[in-house]
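Trainee: Hi! Could you walk me through this one while I have it open?

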Amino acid sequence: MYHLAKRFISMLFTVCVIVSLLALYQPARTMRLSPLDPSSYSNAQELIIRHVDLDWTVNFDKSTISGIATLHFKLTKKDLEEVFLDVSDLTVSSVAAKSTAGEVPLDWDIGGTIENIGSKLTIYLPTKTNDELTLVIAYETSPKASALQWLTPEQTFGKKHPYLFSQCQAIHARSILPCQDTPAVKFTYNATLHHPKEVTGLMSAIKVDSEPGVSKFQQKIPIPSYLLAIVVGALVSKPIGPISSVWAEQEQIDEAAEEFSQTADFIAKAEEICGPYVWERYDLLVMPPSFPFGGMENPCLTFVTPTLLAGDKSLATVVAHEIAHSWTGNLVTNRNFEHFWLNEGFTVFVEGKIVGRLSGNASRDFHALHGLSELSDCIKTQLADTPELTKLVVDLSECGPDDAFSTVPYIKGSTFLRYLEDLLGGPSKFEPFFRAYLDRFKYQSVLTNDFKQMLYEWFREDPNNEVLLERINWDLWLFGEGMPPVIPSYDRSMLEACLAHATLWAENDLDTIKNSPLVKQSLVSVQLIEFLAQLLERKKIVDLTAEKVALLGETYGFSTTKNAELRFRFVRLFIRARLIEKMDEILAFANSNFRMKFVRPVYKELGAWPQARPIAIENYNRVKDQMMTVCAYTVAKDLGISDVSA
């Protein structure tokens with residue numbers, strides 16, 4: 001009997017250990033999470049959020065946002081028993097259903113966490129549902145919410161007040177509110193924002209009322225969750241157009257207003273191409289250096305990196321890109337991020353057209369050719385080990401959108417559209433179709449096949465197009481790996497000068513270079529960027545020594561330039577030349593901003609340099625807390641570090 005009891009106790013202990021381990025188990029990503037979106041738990045095929053009311057309190061002491069989100073749903077399925085929402089590191093305190101009789105508390109639970117995806121919030125509905133449902137959720141964000149960046153006063157220009165900003169794209173809105181965090185769902189929102197009285201609060205909406213410490217906003221046009229945005233800081237504004245102001249800290253406001261003075265012209269040209277601008281305001285906000293992207297097209301308030309402040313407006317076309325998003329992405333949206341090219345490829349296509357209308361077709365084509373250089377660099381470096389992510393339409397069943405993010409949907413997508421435009425009769429034929437596409441699908445979320453079907457419907461009205469349409473190899477364009485299968489016949493006049501300079505420096509020694517008349521020929525800023533890009537593309541650079549790199553910097557002013565695009569490529573030449581004595585300068589650039597376009601290639605290339613790798617990892621660990629989560633995570637992957645805390 002003793003032995004039976006001992007055996008029973010042993011078995012019970014084993015069971016308890018297994019149960020404890022299961023409780024700690026973090027489920028792996030092995031499948032698509034929902035029918036509409038591989039990266040969202042939400043049952044958006046059964047009910048859809050139509051409107052959100054937010055009452056938020058920003059707490060800088062705790063680095064949290066707390067408050068209530070009231071979600072108004074339209075149901076497409078009768079007698080629904082459960083609601084699935086996306087959450088990430090949220091502390092939910094209560095959930096209730098709102099009715100004419102008051103609020104009815106509901107049962108709910110939060111499932112396990114999948115890395116870079118988050119968790120499923122399941123809400124149980126005890127009574128039969130009809131066409132509409134309103135849920136009231138009280139909650140608080142985590143200090144480590146992936147969508148939020150909290151800066152101390154010392155990390156700002158003014159050094160007096162703290163600063164908060166958000167970045168919800170692609171799937172980080174779930175870390176600041178329980179939601180259907182998929183671009184398949186669009187909603188309007190109202191927000192009341194409580195914040196310290198001495199700072200300003202802004203959101204991706206129109207400010208309708210404010211008093212010290214309280215700001216109220218309204219967004220009347222339906223947006224996907226990734227376009228929800230908030231910023232709180234010591235901000236001032238300056239008008240730069242009829243419907244536009246630029247916001248920044250006081251120390252940067254005049255420089256920013258001058259740099260982005262072309263904004264009204266960009267908007268006017270975009271309207272010529274895409275149709276009326278519907279968002280009422282187009283303001284710009286110059287972000288702190290930790291902002292991980294070049295720009296973010298938050299409606300009514302575009303966020304832009306301070307690395308655009310080049311002093312000569314040479315990088316301001318990023319603003320044209322974000323303005324184009326007002327139609328391609330914000331108005332017509334990809335249904336999930338496997339079809340991200342419908343946002344970004346279309347936007348780069350419109351951006352190029354804006355450049356062409358303002359600066360001529362040669363500039364438009366040079367813009368496109370420069371994009372192809374960046375794409376080639378991306379495929380050879382960032383995506384070298386994941387060729388499946390060089391497809392235009394990717395499979396996100398087993399990875400998150402952040403893992404797949406690259407220039408591929410931007411440049412390969414825009415190249416495909418330019419190929420289609422050239423094939424089907426040029427701008428005079430293609431632009432009316434493009435504008436009709438935007439009009440047909442405005443306020444909606446679409447898949448690639450929606451675009452394809454409308455293209456065939458439109459151009460088949462002319463039977464002469466039938467043969468041309470048959471020539472389009474959709475499978476190769478959408479699912480082929482690597483560079484675009486066809487490169488359009490671009491005007492190469494501006495590019496040829498860049499290539500000539502790159503050839504001079506790649507294939508000759510110092511004496512030949514010094515005596516070449518070519519070095520006396522001037523290049524404009526965008527050509528200098530492309531020249532350096534082409535030089536980095538060369539498999540071999542003759543005598544790539546410290547002396548040659550120094551002469552290059554002196555000849556073209558790379559050593560002293562404010563232009564971040566030039567500095568980015570110049571410090572990569574230090575890495576290419578294995579100039580360990582330049583490590584302080586390399587890291588100074590890497591630490592000056594955390595824009596992923598810049599820091600990821602720098603860290604990836606440092607990681608492949610044995611002598612520099614430990615220095616790069618040490619630097620990363622020292623500064624990673626200043627990065628947004630998405631940046632820290634992807635740089636860690638580029639360095640081959642297993643997790644961000646390494």
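Trainee: Where is alanine 170 placed?
Mentor: Alanine 170 is in the loop between β10 (163-166) and β11 (187-194). Keep in mind that this is a predicted model.

Trainee: And what is the peptide bond from glutamine 169 to alanine 170, cis or trans?
Mentor: That bond is cis, and its omega is near 10 degrees.

Trainee: New topic: how many residues are in the largest nonpolar core?
Mentor: The count is 223 residues, and Phe260, Tyr437, Phe451 and Leu455 have the most contacts inside that core.

Trainee: What is phenylalanine 260 in contact with?
Mentor: Setting aside neighbours within four places in sequence, phenylalanine 260 contacts Ile240, Val246, Leu284, Val286, Val304, Leu308, Leu309 and Val319.

Trainee: Let's do a helix. How many residues does α8 have?
Mentor: Helix α8 (residues 408-423) has 16 residues, and from its first C-alpha to its last it reaches 22 Å, close to the 22 Å expected.

Trainee: Why is α8 described as largely enclosed?
Mentor: Because 15 of its 16 residues are buried, the rest of the structure largely encloses α8. Glycine 425 follows α8, and its phi is positive, near 115 degrees.

Trainee: How many aromatic pairs does the count come to?
Mentor: The count comes to 46 aromatic pairs. One of them joins phenylalanine 568 and phenylalanine 598, a tilted pair at 4.9 Å centre to centre with 35 degrees between the planes.

Trainee: Which helices do phenylalanine 568 and phenylalanine 598 lie in?
Mentor: Phenylalanine 568 is in α17 (residues 564-576) and phenylalanine 598 in α19 (residues 596-607), so the pair ties together parts 30 residues apart in sequence. Phenylalanine 598 also pairs with phenylalanine 589: the ring centres are 5.7 Å apart and the planes are at 50 degrees, so this pair is tilted.

Trainee: Is phenylalanine 568 buried or exposed?
Mentor: Buried, at 3% relative accessibility. Phenylalanine 598 is buried as well, with a relative accessible area of 1%, and phenylalanine 589 is also buried.

Trainee: What charged end sits over the ring of phenylalanine 598?
Mentor: That of arginine 595, at 4.8 Å from the ring centre. Elsewhere, lysine 120 lies over the face of phenylalanine 84, 4.3 Å from the ring centre.

Trainee: Last one: where does threonine 381 lie?
Mentor: Threonine 381 is in the loop between α6 (361-380) and α7 (401-404).

Trainee: And why does threonine 381 count as buried?
Mentor: Because its relative accessibility is 17%, and the cut-off for buried is under 20%. Not counting residues up to four places away in sequence, threonine 381 touches Arg572, Lys604 and Glu605.

Key
Residues are numbered from 1 along each chain as its sequence is written. This is a predicted model: local features need pLDDT of at least 70, side-chain atom pairs count only at pLDDT 80 or more; totals for chains, interfaces and linings use all residues. Side-chain values use heavy atoms; hydrogens and water are left out. Helices (H or I, at least four residues) and strands (E, at least two) are DSSP runs, numbered from the N terminus. A nonpolar core is a set of buried Ala, Val, Leu, Ile, Met, Phe, Trp, Tyr and Cys residues joined through side-chain atoms within 4.5 Å. Buried means under 20% relative accessible area, exposed over 50%, partly exposed in between (1.4 Å probe, protein chains only). Contact means heavy atoms within 4.5 Å. The expected span of a helix is 1.5 Å times one less than its number of residues. Rings of Phe, Tyr and Trp (its six-membered ring) pair if their centres lie within 6.5 Å; planes under 30 degrees apart count as stacked, over 60 as edge-to-face and the rest as tilted. A charge sits over a ring if NZ of Lys or CZ of Arg is within 6 Å of the ring centre and within 35 degrees of the ring normal.
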